[in-house]
Amino acid sequence: MTSDTPNTQEGGFILVEVLVSLLIFSLISVGTIIALTATLDARDRAQTKMAQAERLAAAHRLLTEDFATLTQRTNRDGLGSVIDESRQVIEPDQLVLTRRARPNPDGLFTRGDLLRVSWRVEDGNLIRAFLPHENPATIEPPLDRIVLQEVSEMRIDPVFPEGTVRGLTPLASVLSAPAVSIELTFADGSTTRHLFTVPDV
């Protein structure tokens, strides 16, 4: 004889099982979020360092070009009077020089190919400034371009080849011409050193 009494025992989870499942899910979610956050932070740090390295390489190329095209000339002010200074100035924290091969695509501008440039650190930035004309004029101030950020100091030292008074410098043994050493100190305390040979001009 078959009973028509309904079966009241239905399958399901008890409260403890649900709570344990939620706890396990929460732990997995927290672990996933922590791992994802760490990965994103590492990626951001790597991208920041890569971008800084690219900017540093660009600054090095620009400095190399400035030194490669350096020329010696007597500089004059806006009225044509000779400026009482050396033909290029190398100070401990500033570099000033005159270079050749100023870009002038298709001869668009009526000007010579000389360019007066300077490098300095100001307000945490490595700045390359240039004059609209190779001789300073009070009506046309230098134009500044930020090349690198987070730079706290720039140290410039002349280096001479062996056989000179300054030939004891370790770098001099591999040089055949005078050179300039530029050391940059960044906000995080790291430093980079760059060596540029000065052409015989």
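The model is predicted; local features need pLDDT of at least 70, side-chain atom pairs count only at pLDDT 80 or more, and totals for chains, interfaces and linings use all residues. Residues are numbered from 1 along each chain as its sequence is written, and side-chain values use heavy atoms, with hydrogens and water left out.

The protein contains 1 helix and 9 strands. These elements are DSSP runs numbered from the N terminus: helices are H or I with at least four residues, and strands are E with at least two. Along the sequence, the order is α-β-β-β-β-β-β-β-β-β. Of the 201 residues, 26% count as buried. Buried means under 20% relative accessible area, exposed means over 50%, and partly exposed lies in between, with a 1.4 Å probe and protein chains only. The accessible surface comes to about 13700 Å². Carbon and sulfur atoms account for 58% of that surface. Accessible areas were computed by the Shrake-Rupley method with a 1.4 Å probe; for residues, only the protein chains shown count as cover. Contacts (heavy atoms within 4.5 Å) were also examined. Among those in the protein with a separation of 6 or more, 49% join residues 24 or more positions apart.

In soluble globular proteins, nonpolar side chains tend to be buried together. Here, the largest nonpolar core has 23 residues. Such a core is a set of buried Ala, Val, Leu, Ile, Met, Phe, Trp, Tyr and Cys residues joined through side-chain atoms within 4.5 Å. Phe67, Leu95, Trp119, Leu148, Ile182 and Leu184 have the most contacts inside this core. Helix 1, strand 3 (94–99), strand 4 (115–122), strand 6 (143–149), strand 7 (151–159) and strand 8 (179–186) each supply at least two of its residues. Helix 1 gives the largest share of this core, 5 residues. Leu148 illustrates the contacts of a core residue. Neighbours within four places in sequence aside, Leu148 is in contact with Gln52, Arg55, Leu56, Ala59, Gly124, Asn125, Leu126, Leu184 and Phe186.

Empty space was examined next. Rolling a probe the size of a water molecule over the atoms shows where such space is left. On a 1 Å grid over the protein atoms alone, a cavity is a set of points where a 1.4 Å probe fits but cannot get out. A pocket is an open set with protein on both sides within 12 Å along at least five of seven lines, and lining residues have an atom within 4 Å of a point. Grid points are joined across faces, edges and corners, and a volume is the space filled by probe spheres set on the points.

The largest pocket has a volume of about 330 Å³. Its lining includes Arg45, Lys49, Arg55, Glu150, Phe186 and Asp188. Helix 1 (residues 15–68) contributes the most to this lining, with 6 residues. The lining of the largest pocket has 2 nonpolar, 5 polar and 5 charged residues. In this scheme, Ala, Val, Leu, Ile, Met, Phe, Trp, Tyr, Cys and Pro are nonpolar; Asp, Glu, Lys and Arg are charged; the others, Gly among them, are polar.

There are 2 cavities of 30 Å³ or more. The largest cavity holds about 40 Å³ of space. Leu56, Ala59, His60, Leu63, Leu126, Ile182, Leu184 and His194 line it. Helix 1 supplies the largest share of this lining, 4 residues. By class, the lining of the largest cavity has 6 nonpolar, 2 polar and no charged residues. The second largest cavity has a volume of about 30 Å³. Its lining consists of Leu63, Leu95, Trp119, Leu126, Met154, Ile182 and Leu184. That lining has 7 nonpolar, no polar and no charged residues.

Individual residues were then considered. Ser152 lies in strand 7 and is partly exposed, at 46% relative accessible area. Thr185 lies in strand 8 and counts as buried, at 16%. Ser152 touches Val121, Thr185, Phe186 and Ala187, not counting residues up to four places away in sequence. The C-alpha atoms of Ser152 and Gly189 are separated by 8.5 Å, although these residues are 37 apart along the chain.

Two loop residues were also examined. Asp123, in the loop between strand 4 and strand 5 (125–130), has a positive phi of about 55 degrees although it is not a glycine. Asp123 is exposed, at 71% relative accessible area. Glu150 is in the loop between strand 6 and strand 7, and its phi is near 60 degrees. Glu150 counts as exposed, at 58% relative accessibility.
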